[in-house]
Amino acid sequence: MNLYESFQKPLLFALPAEISHRLAVRALSLGMAPRYRADQHTQLRISLWGKEFPNPIGMAAGFDKDCEALAGLHSLGFGFVEAGTVTPNPQPGNPKPRLFRLPEDRAIINRFGFNSRGHKEFRRHLETWRSSERAKIVGVNVGQNKESTNAIADYSTGVAIFAPLADYLVVNISSPNTPGLRDLQSIEKLRVLLAAVREARDAVSSACPLLVKIAPDLGSSELEDIARTVQEFGIDGIIATNTTIDRPSILKSTQASETGGLSGEPLFTPSTKLLADLYQFTDGKIPLIGVGGIFTGRDAYEKILAGASLVQIYTSLIYRGPGAANLICEELAQCLAEDGYTSVSEAVGAKHH
Ligand SMILES: Cc1cc2nc3c(=O)[nH]c(=O)nc-3n(C[C@H](O)[C@H](O)[C@H](O)COP(=O)(O)O)c2cc1C
């Protein structure tokens, strides 16, 4: 057992989940974090959209919703960090409790519902950080306000505001906790949305890659339609996947029936299957970010073989602790070496070749 498992984790797990989360974000924002180098393994470096990622393991969206802890998260050894989801106006999100641990299943259910301090405060934080740090990679994940009467405008505004500051932008159309939001994945609505966000991005900074983040609960024909539409509109990448509204029968924890999105170990198999299908539907032509249930370097490796150029984690940071990204990097480097790969990019999609 390491220090996190024997000491910090029992303390954090004794507190209500959201309080532990706030403590972790606060500690990271104050620089109270272990320091791991992100570029220790040269074979993990990967170049994408003209940017050099020191490793392919990223912090997924939803941990640093208000862009407060970028320096702390980077110091944990992540190759990149995605902040947000940020909404145009501040909003409180759903009533508490809205975050639940499922320890027997190594999973989490959340129904935060986009608690956000809004574009203005997020931008202030990002600008401050950017004034001293240009090299580290940060994605900005944008969403819509719950009470919005024009969701498309909410996304377009987010894209326009953050394009000059972000290394990539994510249009999040897959959160299960904002009523109607996932309907934006239906093809007619998606076309209108993608046309609008592309126009907004092109007007400001056509160099900033624009990605969409999708749900794991899509059917095969819906996924095929999305793959085609995303290519048609020249979108630069797809993040697969967000949390699931499904409740697999294998779940053992008492909290399993809470409403919200399920993440962690039970999400690994369905989200990796969807990722593999997506790689085939897009003929490997669009960079994919694989996320859902990654705990180990082997899990990250499986996502890469299925077609991911980059991967992200969230739930395993809670269960493995602040050393998670560093451990996953070490394990991944070993997996690549065992199979004779000298770089991550050689292994991307190799399962299909
Ligand atoms: C507490 C919590 C909050 C999240 N909030 C967001 C969010 O605001 N935006 C988003 O795109 N994804 C959000 N996610 C989804 C994660 O980014 C990720 O897609 C999902 O958790 C699957 O990865 P994991 O199994 O490694 O946790 C959230 C996940 C969790 C656990």
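**Reading the model**

Guide: Start with a pair of helices. The axes of α8 and helix α9 (residues 297–306) come within 8 Å and cross at roughly 25 degrees. Keep in mind that this is a predicted model.

Visitor: How is the angle between α8 and α9 to be read, as roughly parallel or as oblique?

Guide: Angles under 35 degrees count as roughly parallel. The two helices α8 and α9 are therefore roughly parallel to each other.

Visitor: Which residues of α8 meet α9?

Guide: On the α8 side they are Phe268, Thr272, Leu275, Ala276 and Tyr279, and they meet Asp299, Glu302, Lys303 and Ala306 of α9. Sorted by class, this contact has five nonpolar residues, one polar and three charged.

Visitor: What is the angle between α7 and α8?

Guide: Those two pack at about 45 degrees, and their axes are 9 Å apart. The handedness is a separate reading: α7 passes α8 in a right-handed crossing.

Visitor: Which residues make the contact of α7 with α8?

Guide: From α7 come Ser220, Leu223, Glu224 and Ala227, which meet Leu274, Asp277, Leu278 and Phe281 in α8. The contact of α7 with α8 comprises five nonpolar, one polar and two charged residues.

Visitor: Where does α6 stand relative to α7, and at what angle do they cross?

Guide: Helix α6 (residues 187–204) and helix α7 (residues 220–232) have axes that come within 10 Å and cross at roughly 20 degrees. That makes α6 roughly parallel to α7. Their crossing is right-handed. In this contact Ile187, Leu190, Arg191 and Leu194 of α6 meet Asp225, Ile226 and Thr229 of α7. By class, the residues of the contact of α6 with α7 are four nonpolar, one polar and two charged.

Visitor: Let us step back to the whole chain. How many helices and strands are there in the protein?

Guide: The protein has twelve helices and 13 strands. Along its principal axes, the C-alpha trace spans about 50 × 50 × 50 Å.

Visitor: What share of the residues counts as buried?

Guide: Of the 353 residues, 51% count as buried. A related reading is how far along the sequence the contacts reach. Among contacts between residues at least 6 apart in sequence, 75% join residues at least 24 apart.

Visitor: Now the backbone. What should I look for there?

Guide: Look for exceptions to the general rule. Most residues other than glycine have a negative phi, and most peptide bonds are trans.

Visitor: Where are cis peptide bonds found?

Guide: Thr85 belongs to strand β4 (residues 80–86). Another cis bond joins Ala240 and Thr241, where omega is about 15 degrees. Thr241 sits in the loop between β10 (237–240) and β11 (261–264).

Visitor: Which residues other than glycine have a positive phi?

Guide: Cys67 is one of them, with a positive phi of about 60 degrees. Its place is the loop between β3 (57–59) and α3 (70–75). Phe114 also has a positive phi, near 55 degrees, and Phe114 lies in the loop between β6 (107–110) and α4 (118–132).

Visitor: Are Cys67 and Phe114 buried or exposed?

Guide: Count the C-beta neighbours; 20 or more within 10 Å makes a residue buried. Cys67 has 25 such neighbours inside 10 Å, so Cys67 counts as buried. Phe114 is buried too, with 23 other C-beta atoms within 10 Å.

Visitor: What does the count give for Asn89?

Guide: Asn89 has 14 C-beta neighbours inside 10 Å and therefore counts as partly exposed. Asn89 lies in the loop between β4 and β5 (99–102). Leaving aside its neighbours within four places in sequence, Asn89 is in contact with Gly118 and Asn145.

Visitor: How far apart are Asn89 and Ile57?

Guide: They are 32 residues apart in sequence, and C-alpha to C-alpha they are 30 Å apart in space.

Terms used
Residues numbered from 1 in each chain as written. Predicted model: local features only at pLDDT ≥ 70, side-chain atom pairs only at ≥ 80, totals over all residues. Axes fitted to C-alpha atoms, helices over the stretch in contact; angles between N-to-C directions. Helix = DSSP H or I, 4+ residues; strand = E, 2+ residues; numbered from the N terminus. Parallel < 35°, antiparallel > 145°, perpendicular 65-115°, else oblique. Left-handed = near helix turned anticlockwise from the far one by under 90°. Contact = placed C-beta atoms within 7 Å. Nonpolar A, V, L, I, M, F, W, Y, C, P; charged D, E, K, R; others polar. Buried ≥ 20, exposed ≤ 12 C-beta atoms within 10 Å, placed from the backbone.
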